[in-house]
Amino acid sequence: MHEFSLARNIIEIVTETALKNKLRTIGELVLEIGTLSGVEVTALDMALESLQPGSVLEGATIIRDIVEASARCLECQKEFIPDDFYCACPHCGSFSHEVLQGKELRIKSISGE
Ligand SMILES: [Zn+2]
């Protein structure tokens, strides 16, 4: 399961950050998850929950900040909300666009003491 290794990765990063900042407990972790990131949020939740006990994230609140994807058409330069990576521009039908946001899975903030 892809989400399981993602969760393990997240915990590793949080553990390193906690060590660097001399945090003993993590109160809150905010994750930013784009709608085009390919991450199954429920699966990630389950994976994180199962890894939380005994980890640096034990007892922490995990907040998911869902980022809605947006893209800009390279033909007509208009912005639109893509359903996936291969969708056509709703304004001119072109398939060439760049994704502006929505691909991310990252740690937005970590707080603790
Ligand atoms: Zn277009």
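Gln77 is partly exposed, with a relative accessible area of 48%. In this predicted model, Gln77 belongs to the loop that joins strand E3 (70–73) to strand E4 (79–80). Although Gln77 is not a glycine, its phi is positive, at about 65°. A positive phi is also found at Lys22, again not a glycine, with a value of about 55°. Lys22 is located in the loop between H1 and E1. The relative accessible area of Lys22 is 72%, and this residue is therefore exposed, since the cut-off for that class is over 50%.

The packing of two helices was examined next. In general, a pair of packed helices is described by the angle between the axes and by the distance between them. Helix H1 spans residues 2–20 and helix H2 spans residues 41–51; the two pack at an angle of about 50°, and their axes are 8 Å apart. H1 and H2 are therefore oblique to each other. The crossing in which H1 passes H2 is right-handed. On the H1 side, the contact is formed by Glu3, Phe4, Leu6, Ala7, Arg8, Ile10 and Ile11, while H2 contributes Ala43, Leu44, Ala47, Leu48, Ser50 and Leu51. Sorted by class, this contact between H1 and H2 comprises 10 nonpolar residues, one polar residue and two charged residues.

Within H2, the buried residues are Ala43, Leu44, Asp45, Ala47 and Leu48.

Individual strand residues were then considered. Glu32 is part of strand E1. With a relative accessibility of 9%, Glu32 counts as buried, because the cut-off for this class is under 20%. When neighbours within four places in sequence are left aside, Glu32 is in contact with Asp65, Val67, Glu104, Leu105, Arg106 and Lys108.

Strand E2 contains Ile63. The relative accessibility of Ile63 is 34%, so this residue counts as partly exposed. Between Ile63 and Cys92, the separation is 29 residues in sequence and 37 Å in space, taken from C-alpha to C-alpha.

Gln101 is located in strand E5, which covers residues 97–101. The relative accessible area of Gln101 is 34%, and the residue is therefore partly exposed. If residues up to four places away in sequence are not counted, Gln101 touches Val67, Glu68, Ala69 and Ser70. Gln101 and Gly34 are 67 residues apart along the chain, and their C-alpha atoms are separated by 7.2 Å.

Cysteine residues were also examined. Cys73 has a relative accessibility of 0% and therefore counts as buried. Cys76, in turn, has a relative accessibility of 26% and so counts as partly exposed. The number of disulfides in the structure is zero.

Note on methods: Residues are numbered from 1 along each chain as its sequence is written. This is a predicted model: local features need pLDDT of at least 70, side-chain atom pairs count only at pLDDT 80 or more; totals for chains, interfaces and linings use all residues. Side-chain values use heavy atoms; hydrogens and water are left out. Axes are lines fitted to C-alpha atoms, for helices over the stretch in contact, and angles run from 0 to 180 degrees between N-to-C directions. Helices (H or I, at least four residues) and strands (E, at least two) are DSSP runs, numbered from the N terminus. Angles under 35 degrees count as roughly parallel, over 145 as roughly antiparallel, 65 to 115 as roughly perpendicular and the rest as oblique. A crossing is left-handed if the near helix is turned anticlockwise from the far one by less than a right angle, and right-handed if clockwise. Contact means heavy atoms within 4.5 Å. Ala, Val, Leu, Ile, Met, Phe, Trp, Tyr, Cys and Pro count as nonpolar, Asp, Glu, Lys and Arg as charged, and the others, Gly among them, as polar. A disulfide is a pair of cysteine sulfur atoms within 2.5 Å. Buried means under 20% relative accessible area, exposed over 50%, partly exposed in between (1.4 Å probe, protein chains only).
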